[in-house]
Amino acid sequence: MVLAGFLGLANAQNSSTTEGHVQSATAISRVLGDGRKVETVVLQYDTPIRNKSLSAESFKVEGKDVTRIYANNAPERAEKGKDGQYVIIEVKAEVDLNARPQMPSEADKKKKEERDRMQGGPGLRAGWSTGGNDSYPGNAFVTQTKDIKTSKGKSYKANETQIEATTGQCLVADDFRQEEFVSPYTGQTLPYNIYIPKDYNPAEKYPLVLFIHDAGVASGDVTHTLYKGNGATSWAEPQAQARHKCIVVAPEYPVITVDDNWNYSHHLDATIALLKDLQTRYSIDPKRIYTTGQSMGCMSSIVMMLKEPDLFAAALLVAGKWNPSLMGPLDKQDIWIISCEGDVSSNSLQGQAVELWRSQGSNVTEATWDMTLPQEQLSAEADKMRAKGNHLLFTHLTGGNHRATWFVAYGIAGLQDWLFEQHK
C-alpha cells in the first residue's frame with residue numbers, strides 16, 4: 001500500500017509532530033463494516049532509522065492494538081522492514097460485531113426532547129433530522145515507549161510526548177467526489193457522494209449502485225455516509241472494481257427519509273430524479289441500476305422500487321422492513337434480503353413479506369448463515385443460494401442485532417456477484 005504524497009498533510013498541523021526528531025505523523029484509515037478505522041500510522045524522521053532497533057513494543061497507539069512496527073525507506077507498508085526515514089506502525093483494524101453507537105450527550109438528549117415535543121411524541125418521523133452526531137475519526141495518538149536507533153547508531157530515547165497523527169487518507173472513501181443536486185420538486189439541495197471508475201470511458205456503459213445510509217447519520221456531513229460503514233465504499237474497493245466496474249452514488253440526507261409508520265419524505269422523489277439526471281451526464285447502463293441500503297436506506301429502497309418498478313435491476317436490502325401488506329408487487333423484482341435474527345422487527349416483517357410472495361406463487365430461497373464465519377465462507381454460502389436460481393432470496397444471520405447486519409453484509413463478495421448478474 002503506497003502512502004507517498006500524504007505525509008505533507010500532517011506537517012505543521014500539530015506542533016507536537018515537529019518536536020524532537022519526528023517531522024510528520026500521518027494516520028491512514030479504511031472503512032470497515034462498523035465504520036472508519038485507522039490501520040497504519042507513518043512517522044517521518046529527520047534521519048534513517050535502524051530497522052533492527054524496532055519491535056512491536058517500540059511505540060504504543062492510544063486505544064489500538066499494535067501488530068507490527070518496522071522502518072522503511074518509503075512511506076508505505078512492506079513485507080520486510082529496512083533502514084529508512086519512515087517508521088511504519090500497523091495496528092489492528094477489524095469489525096467489532098458488538099459495536100454500539102455513540103452515547104448521546106446531555107445536549108443531544110435535550111435536542112431529542114425538543115424534537116419529540118414538536119413532533120407530538122417520541123419516535124422517528126419522516127422529514128425530521130436525527131442530528132447525525134456519531135463520529136468516525138481518522139486520527140491517532142502515538143507515544144514512543146522504547147529507545148530506538150538511527151542507522152548511524154544514535155539513540156532516540158523513549159519519552160512521554162504524545163504525537164498526534166492526523167488523517168492523511170481514508171482509503172477508497174477519498175476516491176469519492178462530493179456534489180450537490182437540486183430537487184426539481186422542492187428546490188432543496190441534496191448532497192451526495194459519487195465514485196467514478198478511474199479509467200472511466202464515456203464509450204462504455206457502466207452499472208450504477210445507489211447506497212442509502214441509515215437514520216443514524218441523517219443531517220451529518222456529506223461524507224458521513226462513507227465513514228459510518230462500508231455500504232458505499234465496498235463497491236469501490238479495488239478488488240470489487242476489478243470484478244465489477246461500476247459507478248457508486250451515496251446521498252447524505254438532511255432528514256429521516258422514512259419512518260416506522262410507513263411515511264416517507266419527498267427526498268426519495270429527489271433521489272429518483274438524481275438517478276435520472278446522472279444518466280444524462282454519465283454513460284450509465286439503464287438496465288443495470290441497483291439499489292441497496294441499511295435500515296432507513298433499506299426502507300427507502302423499497303419505497304422507490306414500489307414507486308418506480310422499472311428503475312432498478314435488483315436490490316440488496318439490509319436490516320430494513322416495510323409494511324408487508326404493501327410489498328406484494330415486489331415479487332416480480334430481483335431482491336436479496338439480509339437480516340439478523342436478533343433484529344426482530346426486520347426479520348419478522350420481511351419474513352411476512354416473503355410469505356406473501358410465496359402465497360402469490362413466487363419461489364423464495366431462504367437460508368441461515370453464521371455471521372461470525374470468515375467473509376470467504378459467507379461468500380461461498382451466498383454462491384450456494386445463487387445456484388438455486390430464484391430471483392427472491394432471504395438470508396438470516398445468526399444472532400446479532402440491527403446494526404450488526406450491515407457490519408457483515410457489505411463485505412460478502414458473493415452478494416455483490418449476485419447483484420451484478422441481474423439485468424432488466
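**Notes on a predicted model**

1. Helix H4 (residues 267–281) is made of 15 residues and spans 21 Å from its first C-alpha to its last, close to the 21 Å expected at 1.5 Å a residue. The model is a predicted one, and the points below should be read accordingly.

2. Buried residues of H4 include His267, Leu268, Ala270, Thr271, Ile272, Ala273, Leu274, Leu275 and Leu278. Among the elements that cover the buried residues of H4 are S10, S11, S12, strand S13 (247–251), S14 and H5.

3. Nine strands form an open sheet with mixed pairing, in the order S10-S11-S13-S12-S14-S15-S16-S18-S17. Strand S10 (177–182) and strand S17 (365–369) are the edge strands, each pairing on one side only. On average, neighbouring strands of this sheet are turned by 20 degrees against each other, direction ignored.

4. Helix H5 (residues 296–307) packs on the sheet, where H5 touches strand S12 (206–212), strand S14 (284–294), strand S15 (314–318) and strand S16 (335–340). The direction of H5 makes about 140 degrees with that of S14. Helix H7 (residues 375–386) lies across S16, S17 and strand S18 (392–397), and H7 runs at about 165 degrees to S17.

5. Threonine 189, in S11, is the bridge partner of valine 182.

6. Asparagine 193 is placed in strand S11. Is asparagine 193 buried or exposed? Its relative accessibility is 0%, so asparagine 193 counts as buried. A polar atom of the asparagine 193 side chain lies 2.8 Å from the backbone oxygen of valine 222. Leaving aside neighbours within four places in sequence, the contacts of asparagine 193 include Phe176, Arg177 and Gln178, along with Val222, Thr223, Thr225 and Leu226. Val248, Val249 and Ala250 are also in contact with asparagine 193.

7. Most residues other than glycine have a negative phi. Valine 172, in the loop between strand S9 (162–171) and S10, has a positive phi near 75 degrees. Valine 172 is buried, with a relative accessible area of 7%.

8. The other case is alanine 319, which is not a glycine but has a positive phi of about 55 degrees. Alanine 319 sits in the loop between S15 and S16. With 2% relative accessibility, alanine 319 counts as buried.

Technical notes: Residues numbered from 1 in each chain as written. Predicted model: local features only at pLDDT ≥ 70, side-chain atom pairs only at ≥ 80, totals over all residues. Heavy atoms only, no water. Pairing = 2+ DSSP bridges. Helix = DSSP H or I, 4+ residues; strand = E, 2+ residues; numbered from the N terminus. Axes fitted to C-alpha atoms, helices over the stretch in contact; angles between N-to-C directions. Contact = heavy atoms within 4.5 Å. Buried < 20%, exposed > 50% of the residue type's maximum accessible area, 1.4 Å probe, protein only. Polar contact = N/O pair within 3.5 Å; in protein donor to acceptor, adjacent residues only side chain to side chain. Expected span 1.5 Å × (residues − 1).
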